[in-house]
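Here is a friendly walk through one protein model, with the cut-offs spelled out as we go. Have the coordinates open beside the text and follow along.

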Amino acid sequence: MAEHKRDLVYGLHAVRAVIDRAPERLLELWMAEPRNDARARDLKERAEAAGLKVQRVGNESLAKLAGDVAHQGVVATVRPLKPWDEEALIASLSTLADPLLLVLDGVTDPHNLGACLRTADAAGVSAVILPKDRSASIDAVARKVAAGAAEFVPTVSVTNLARALIRLKENGVWVVGLDGEADQTLYAADLNRPLALVLGAEGLGLRRLTRDSCDFLVRIPMAGQVESLNVSVAAGIALFEAGRQRSAPAPGPGSAVSPDGAAGGRSRAAGPSS
């Protein structure tokens, strides 16, 4: 059991997502013996229809397997999603008509990482990019919070985040960082372009090299007294604003807003113009 722990998925939503979307990745599935409500029966039927035998065990056995977590009486092991590396990420850009990427700099809480993955999946993000250092790993906690999204959103672990951002720019992606001190707001920026949104940890924000690697910075306007938002909340606001702009009708001539807030476009070497 122990060797599979890093690939555990637990919780009704997370396990059901794997059964419905990628049943071939399931290896084993355990369900608490006492649990026999409608949701548990539905999950069991879906698993058996996918050809997976459900093993009934006691709550103590599940606790030994998953640890002290809210597993809701359901634990599974899965074949891990093959991670992308930096080269795979760059290669994928040629196959994506309008990539939307999420970059997380210094998010070390697996709960926040899982919430960001869930948001990224809902927003149609092409991939999530993480630095190898100063980042939470996609463990069982992150998978539970992600409610299945961790099994389907490609993640890219890079050794040098600033270098990776520069490579994205060289391949036509605009890199936009969220920073509470930025001059322009998220809603004034033109996000209808190949885009990588970069967020830092709550309170700490973006590292200097990461910030310097961005094309421009934006802020989420705050009307209350708090100075920052949880990173997963900020990611949701930014990603869905980008999605709103991408789905909106094209503006008329002369009405586009450039990254610096002025009308018209702004050129960047190896990048698209407005």
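A count of salt bridges in this predicted model gives 17, where a salt bridge is a side-chain nitrogen of Lys or Arg within 4 Å of a carboxyl oxygen of Asp or Glu. Side chains of opposite charge can pair when their charged atoms come close. A word on the ground rules: the model is predicted, so local features need pLDDT of at least 70 and side-chain atom pairs count only at pLDDT 80 or more, while totals for chains, interfaces and linings use all residues. Residues are numbered from 1 along each chain as its sequence is written, and side-chain values use heavy atoms, with hydrogens and water left out.

| Salt bridge | Distance, N to O |
|---|---|
| Asp20 and Arg16 | 3.3 Å |
| Arg35 and Asp37 | 2.5 Å |
| Asp179 and Arg211 | 2.8 Å |

Take Asp179 and Arg211, which form a salt bridge. Asp179 sits in the loop between strand S8 (174-178) and strand S9 (195-200), and Arg211 in helix H8 (residues 208-212), so this pair ties together parts that are 32 residues apart in sequence. Helices (H or I, at least four residues) and strands (E, at least two) are DSSP runs, numbered from the N terminus. Asp179 is buried at 13% relative accessibility, whereas Arg211 is partly exposed at 28%. For these words, buried means under 20% relative accessible area, exposed over 50%, and partly exposed in between, using a 1.4 Å probe and protein chains only. Elsewhere, salt bridges with shared partners join Arg16, Asp20, Asp42 and Arg46 into one network.

Asp20 is partly exposed at 40% relative accessibility, and Arg16 is partly exposed at 35%. Asp37, the partner of Arg35, is also partly exposed, with a relative accessibility of 30%.

What does H1 pack against with its buried residues? Those buried residues are Leu12, Ala14, Val15, Ala17, Val18 and Ile19. They pack against strand S1 (8-10), S2, helix H2 (38-49), strand S4 (74-78) and helix H6 (140-146).

Now for the helix pairs. Two packed helices are described by the angle between their axes and the distance between the axes. Axes are lines fitted to C-alpha atoms, for helices over the stretch in contact, and angles run from 0 to 180 degrees between N-to-C directions. H1 and H2 pack at an angle of about 25 degrees, with their axes 10 Å apart. That angle makes H1 roughly parallel to H2, since angles under 35 degrees count as roughly parallel, over 145 as roughly antiparallel, 65 to 115 as roughly perpendicular and the rest as oblique. The residues making the contact are Leu12, His13, Val15, Arg16, Ile19 and Asp20 of H1 and Arg39, Asp42, Leu43, Arg46 and Ala47 of H2, contact meaning heavy atoms within 4.5 Å. By class, this contact has five nonpolar, one polar and five charged residues. Here Ala, Val, Leu, Ile, Met, Phe, Trp, Tyr, Cys and Pro count as nonpolar, Asp, Glu, Lys and Arg as charged, and the others, Gly among them, as polar.

The axes of helix H5 (residues 110-123) and helix H9 (residues 231-247) come within 8 Å and cross at roughly 15 degrees. H5 is therefore roughly parallel to H9. H5 contributes Asn112, Ala115, Cys116, Thr119, Ala120, Ala122 and Ala123 to the contact, and H9 contributes Val231, Ser232, Ala235, Gly236, Leu239 and Phe240. This contact of H5 with H9 has nine nonpolar, four polar and no charged residues.

Over in strand S2 (residues 26-32) you will find Ala32, which is buried with a relative accessible area of 3%. Apart from neighbours within four places in sequence, Ala32 is in contact with Arg56, Val57, Asn59, Leu62 and Gly73.

Finally, a backbone check. Most residues other than glycine have a negative phi, and most peptide bonds are trans. Gln72 has a positive phi, near 60 degrees, and lies in the loop between helix H3 (59-66) and S4. Arg134 also has a positive phi, near 55 degrees, and lies in the loop between strand S6 (127-131) and H6.
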